[in-house]
Structures are given as structure tokens and as C-alpha cells.
Amino acid sequence: MATTAEYGLGEFAFPRGWFMVAEASELDNGPIAVRFFANDFVIYRGESGRVVMLDAYCPHMGTHLCKNTTSYIVRDGTQIQGDSIRCPYHAWRFGADGKCDDIPYAKKIPAAAAVKSYTVVERAGAIFMWHDPEDMEPDFKLPDMSEWDNEAYVRWKFDHLGTLAIHGQEVLDNMADIAHFIPVHGSTAAAYFENEYRGPVVVQRFGAGHRTLVTDGNILETDTWYTGPGILLSRMKGLYPSLMIIANTPVEDGVTKVWHALMVHSGKAVATEEDVPMGRAYQAASCQAFSQDFEIWTHKRPALQILQIPEDGPFNKGRIWYSQFFNPRSKAAAIQARVNGIALTRNQGESPEKEQRPFTSMAA
Ligand code: FES
Ligand SMILES: [Fe+2]
């Protein structure tokens with residue numbers, strides 16, 4: 001394990017960006033406790049349906065707002081009222097904005113009675129938070145995952161892959177890593193491979209045979225892009241068109257939680273229950289391919305320096321791109337200017353579809 005400082009990424013231990021923090025269905029049975037960015041949070045669904053994310057500890061006496069099963073506040077089902085949550089200890093109640101809005105045994109509420117509240121968005125069956133060391137509004141959008149609302153697709157169910165003792169940097173390195181496809185994934189020589197850096201987005205366009213995901217002799221073509229440091233999406237044209245997500249969120253500095261999921265086109269205008277086993281099987285095959293990377297990451301030592309050769313993809317550019325999120329946003333434009341544009345790799349062809357920017361549709 002290595003930390004942000006050891007990779008020399010920037011001023012902040014944890015990056016700015018959108019990050020997955022839960023699968024939406026995890027909120028069905030009440031508030032949940034989560035830990036990310038070396039910080040404890042609670043997430044719950046208010047009575048309006050709105051998802052709320054707050055710092056976990058009550059400012060009164062430090063009680064964890066949801067790690068409790070025995071207080072009568074919890075047992076009586078009175079912890080969530082409207083979009084507010086009551087502390088299990090003395091029943092102070094906090095609203096979706098984090099401000100205390102009721103102390104049952106007092107008239108005056110001190111101004112300091114508040115916990116921090118975070119910007120969250122529920123999308124495609126997951127909860128995403130905006131994390132920002134500078135506490136500012138998002139400066140880029142959560143990517144579109146419109147296949148979720150396209151009836152032709154079998155929706156995904158997340159694979160919870162747990163935590164890896166590895167920095168998100170090493171996961172991001174995969175975007176530039178043309179040389180691992182043949183040995184790890186059983187690809188054939190690539191028909192094309194290129195990266196493009198565009199502001200907070202990095203794209204990989206790739207076409208090649210693939211032993212796990214295409215079995216009909218055709219090539220697997222993928223447009224894969226990170227929107228910020230935590231969310232990878234990939235539109236794949238293999239046996240079935242599909243959208244994959246790999247979400248990675250720092251838990252501690254150098255420890256990363258990872259989810260994977262895949263939505264698959266049913267080949268029909270409207271997918272039915274009958275298509276679900278096919279969708280699940282294709283997601284399982286995709287997860288198996290991802291697990292090949294996962295096993296490498298589980299056992300490798302950190303690559304603080306890469307012994308990069310010209311036939312490797314542009315790891316160096318990827319690392320510069322990634323550093324924009326670990327520095328004040330006032331520096332982001334200058335960092336982006338160092339890498340923006342298409343990066344080709346020696347001996348690799350250009351994408352024939354470079355005009356079809358996958359991420360232009362993403363800016364919804
Ligand atoms: S510790 Fe939360 S109300 Fe007292
Ligand atoms: Fe890989």
C-alpha cells in the first residue's frame with residue numbers, strides 16, 4: 001500500500017470528484033454507516049424518498065447516528081422523521097442540511113448543533129457523493145448512465161468487490177495499459193488503441209479480440225472513460241452491447257473500495273424477466289475479466305515509479321491527468337492543458353471512430 005503523498009499526486013490526500021458510496025438498495029432497511037475518505041458517514045433515505053448523507057457523529061456528545069439497534073428511538077422506528085434523523089442517545093434531530101432542527105427537551109438550539117451534509121445523487125441504482133477537499137460545488141457532472149432507463153437493457157446489480165490495499169492511482173493506470181491485454185485478458189493484438197484526455201475526462205478507445213467476452217471471432221470494441229477519479233464507464237460492443245461501471249472510492253489513503261456492474265442490451269425493444277439470466281451471465285463474464293486485474297492489484301507492490309518504455313501506453317499522462325483532482329481546483333486548468341488531446345501509443349493504430357466521442361453524450 002502507498003499513499004497519495006508517496007505517489008506525489010498533490011496537496012490533498014483525497015481527491016475531488018463524484019464517488020459511489022452505496023448501492024441504493026442498501027438503504028431499504030434504514031440508515032447505514034459507511035466509511036470513506038478516512039471519515040465516518042451515515043446515509044439514509046428520508047420519508048420524501050430523498051437520500052441524505054451526513055457526518056456520522058452527533059455534535060452533542062459524539063454518538064454515532066446510526067450504529068445502534070437497542071435505543072428505543074431505533075426500536076420504535078422513530079429515528080427517521082421527514083428527511084431528518086434523530087440521534088439514538090438524547091434524540092437531537094438533524095435535517096437533510098445537517099442542522100439540528102429539534103431537541104426534545106430544550107427550546108433553544110445552539111448554532112453549533114450541526115453535522116456536515118454532503119451533495120448526493122441517486123442514479124442507476126447507486127448513490128454517488130460529491131467529495132471536495134475545498135468544500136465547493138461540483139465543477140463537473142456525474143456521468144449519464146441512460147441505459148438504466150432504456151427498456152431494451154437488463155439493468156445491473158452491483159458486484160461488491162470489497163476493499164483493496166491499493167491506491168486508486170494503480171486502478172487508473174489501467175486506462176493507459178495496452179500491454180496487459182494480451183497476457184492478462186487473452187486479447188489478440190489490438191486493432192486500435194488510443195487515449196484521449198479532455199478536462200476531467202480520460203477516454204480509452206480499444207478494439208481487439210478477447211477470450212472472455214467475445215466468442216464469435218469478432219473483435220470487442222470498447223469506449224471506456226473516467227469522469228473524474230472515481231467512476232469508470234465502458235460502452236462495449238461485443239456479443240451484446242453493454243455498459244459497464246467500475247466505481248472506486250478511497251476508504252483510507254491507499255485503500256480503495258471497488259464495485260463492478262454491467263447492463264446488457266437484450267436484443268429486443270423491451271427486456272423481460274427471461275433476459276435477466278443472460279444479463280447476469282454476461283455481467284459475470286465481465287466481472288471475471290475484471291477479476292484478472294483485481295488479482296494483480298491484490299498482490300503487487302506499489303508502482304511509485306513506472307519503468308515505462310515507448311511501447312507502453314501513456315501512463316505518465318494518465319498520472320498527470322489524475323493529479324488535477326488532488327490539487328486545488330484553481331490549478332486544474334493548467335494541469336489539464338499539459339495532457340489534453342489524443343495520445344497514441346507506439347505500434348498501436350488509431351481509433352476509426354474517433355469522431356464518435358462517447359463522452360459527448362455523457363455530459364447530461
Ligand atoms: S449525543 Fe446525540 S443527542 Fe446526545
Ligand atoms: Fe485490465
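Guide: Let us begin with a definition: rings of Phe, Tyr and Trp, the last by its six-membered ring, form a pair if their centres lie within 6.5 Å. Please note also that this is a predicted model.

Visitor: Which residues do ring pairs link into a cluster?
Guide: A pair requires ring centres within 6.5 Å. Ring pairs of this kind join residues into a cluster, whose members are Trp18, Trp130, Phe140, Tyr226, Trp321 and Phe325.

Visitor: How many aromatic pairs does a search of the whole structure find?
Guide: The same cut-off for ring centres, 6.5 Å, applies here. Searching the whole structure gives a count of aromatic pairs, and that count is 17.

Visitor: What kind of pair do the rings of Phe19 and Phe37 form?
Guide: Phe19 belongs to strand 1, whereas Phe37 sits in the loop between strand 2 and strand 3, so the pair ties together parts 18 residues apart in sequence. Both Phe19 and Phe37 are buried. Planes over 60 degrees apart count as edge-to-face. The ring centres of Phe19 and Phe37 are 5.1 Å apart and the planes stand at 75°, so the pair is edge-to-face.

Visitor: Is Trp297, which pairs with Phe290, buried or exposed?
Guide: Phe290 and Trp297 make an edge-to-face pair, with 5.6 Å from centre to centre and 70° between the planes. Buried means under 20% relative accessible area. Phe290 has 5% relative accessibility and therefore counts as buried. Trp297 has 7% relative accessibility, so its class is buried.

Visitor: What volume does the largest cavity have?
Guide: The search of the whole structure finds three cavities of 30 Å³ or more. The volume of the largest cavity is about 360 Å³.

Visitor: Which element gives the most to the lining of the largest cavity?
Guide: The lining has 24 residues, and the closest to the cavity centre are Asn174, Phe181, His185, Met244 and Asp293. By class, the lining has 14 nonpolar, nine polar and one charged residues. Elements giving two or more residues include helix 4, strand 15 and helix 5. The most, five residues, comes from helix 5.

Visitor: Which element has the largest share of the lining of the second largest cavity?
Guide: The second largest cavity holds about 70 Å³ of space. Of its 15 lining residues, the closest to the centre are His167, Gly168, Pro250, Gly254 and Thr256. The largest share, three residues, belongs to strand 18.

Terms used. Residues numbered from 1 in each chain as written. Chains lettered and ligands numbered in written order. Predicted model: local features only at pLDDT ≥ 70, side-chain atom pairs only at ≥ 80, totals over all residues. Heavy atoms only, no water. 1 Å grid on protein atoms, 1.4 Å probe; cavity = no way out; pocket = protein on both sides within 12 Å on 5 of 7 lines; lining within 4 Å. Points joined across faces, edges and corners; volume = space filled by probe spheres on them. Helix = DSSP H or I, 4+ residues; strand = E, 2+ residues; numbered from the N terminus. Nonpolar A, V, L, I, M, F, W, Y, C, P; charged D, E, K, R; others polar. Phe/Tyr/Trp six-rings, centres within 6.5 Å; stacked < 30°, edge-to-face > 60°. Buried < 20%, exposed > 50% of the residue type's maximum accessible area, 1.4 Å probe, protein only.
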